[in-house]
Amino acid sequence: MPKVVSRSAVSSSTDARPTASAAAALRVYYCICGEFILVIEKNLTALPKRQTDGATIIRTQDSGNDKAVVFKLNANSSDAVLVERSEGHERQYRFSCPRCNLLVGYQSTPPPVKSGPFLYILRGALTQMQGQVPRDAFDGEIDLELSEGVTQ
């Protein structure tokens, strides 16, 4: 058999300035089951939070001086759910993980994603470390007393 030889050369210049696309780092977020869910140009912790439920607000459409955030969501959409809020009712079109069906976000308009002005990512639903539970996954949960009714 003939011998296969491959060669490659990598060229780089230390004098070249980084381009805007090279400087913009994309961030990847995963469901707690390990499934890839979101690629986004900004860190989720740097985006504003919704006061009603603490969800992260992602602007999906340009509005005046505010630019839309560039992102790709890998999630299944479901039917609308009516949620009761203190000031009335809210219709949510929810998105869930394609692998484990965990709820990861919602928007106020029917699918597809980006059909409305905002997408909301639920607090504690996504992590940057694949296979690790996010730190805020259990924020707001009530601590259970192990001494009550549990034998060790």
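Here is a quick tour of the structure above, topic by topic.

This is a predicted model, in which local features need pLDDT of at least 70, side-chain atom pairs count only at pLDDT 80 or more, and totals for chains, interfaces and linings use all residues. Residues are numbered from 1 along each chain as its sequence is written, and side-chain values use heavy atoms, with hydrogens and water left out. The protein has one helix and nine strands (DSSP runs numbered from the N terminus, with helices being H or I of at least four residues and strands being E of at least two).

**The overall picture**

- Along the sequence, the pattern reads α-β-β-β-β-β-β-β-β-β.
- The protein has 152 residues, and 28% of them count as buried (buried is under 20% relative accessible area, exposed is over 50%, and partly exposed is in between, with a 1.4 Å probe and protein chains only).
- The accessible surface comes to about 11100 Å², and 50% of that belongs to carbon and sulfur atoms (areas come from the Shrake-Rupley method with a 1.4 Å probe, and for residues only the protein chains shown count as cover).
- Take the contacts between residues at least 6 apart in sequence: 43% of them join residues at least 24 apart (contact means heavy atoms within 4.5 Å).

- β1 and β2 pair in the antiparallel sense over four bridges, and Arg27 has Ile40 in β2 as its bridge partner.
- These two strands, β1 and β2, form a hairpin with four residues between them, and Gly34 in the turn has a positive phi of about 105°.
- β2 also pairs with β4, again in the antiparallel sense, over three bridges. Here Ile40 stands opposite Phe71, and Val39 has Lys72 as its bridge partner.

**The nonpolar core**

- The largest nonpolar core has 18 residues, and those touching the most other members are Ile37, Leu38, Ile40, Leu44, Ile58 and Leu126 (a nonpolar core is a set of buried Ala, Val, Leu, Ile, Met, Phe, Trp, Tyr and Cys residues joined through side-chain atoms within 4.5 Å).
- Two or more residues of this core come from each of β1 (27-31), β2 (36-40), β4 (71-73) and β8 (118-121).
- β2 gives the most, with three residues.
- Ile40 turns up again here: setting aside neighbours within four places in sequence, its contacts include Ala25, Leu26, Tyr29, Leu47, Ile58, Val69 and Val70.

**Salt bridges**

- There are five salt bridges in the structure (a side-chain nitrogen of Lys or Arg within 4 Å of a carboxyl oxygen of Asp or Glu).
- Glu35 pairs with Arg99, with their closest N and O atoms 3.2 Å apart.
- Arg99 is exposed, at a relative accessible area of 53%.
- Arg85 and Asp53 meet in another salt bridge, at 3.4 Å from N to O. Arg85 is in strand β5 (residues 76-85) and Asp53 in the loop between β2 and β3 (56-59), 32 residues apart.
- Both Arg85 and Asp53 are buried, and they belong to a network of salt bridges that also links Arg50 and Glu90.
- Asp66 and Arg59 form a salt bridge too, with the closest N and O atoms 3.5 Å apart. Asp66 is partly exposed, at 40% relative accessibility.

**Gln92**

- Gln92 is in strand β6 and counts as buried, at 3% relative accessibility.
- Gln92 and Gln107 are 15 residues apart along the chain, and their C-alpha atoms are separated by 5.7 Å.
- Not counting residues up to four places away in sequence, Gln92 touches Asp79, Ala80, Val81, Val83, Arg85, Tyr106 and Gln107.

Definitions and conventions. Two strands pair if DSSP finds at least two bridges between them.
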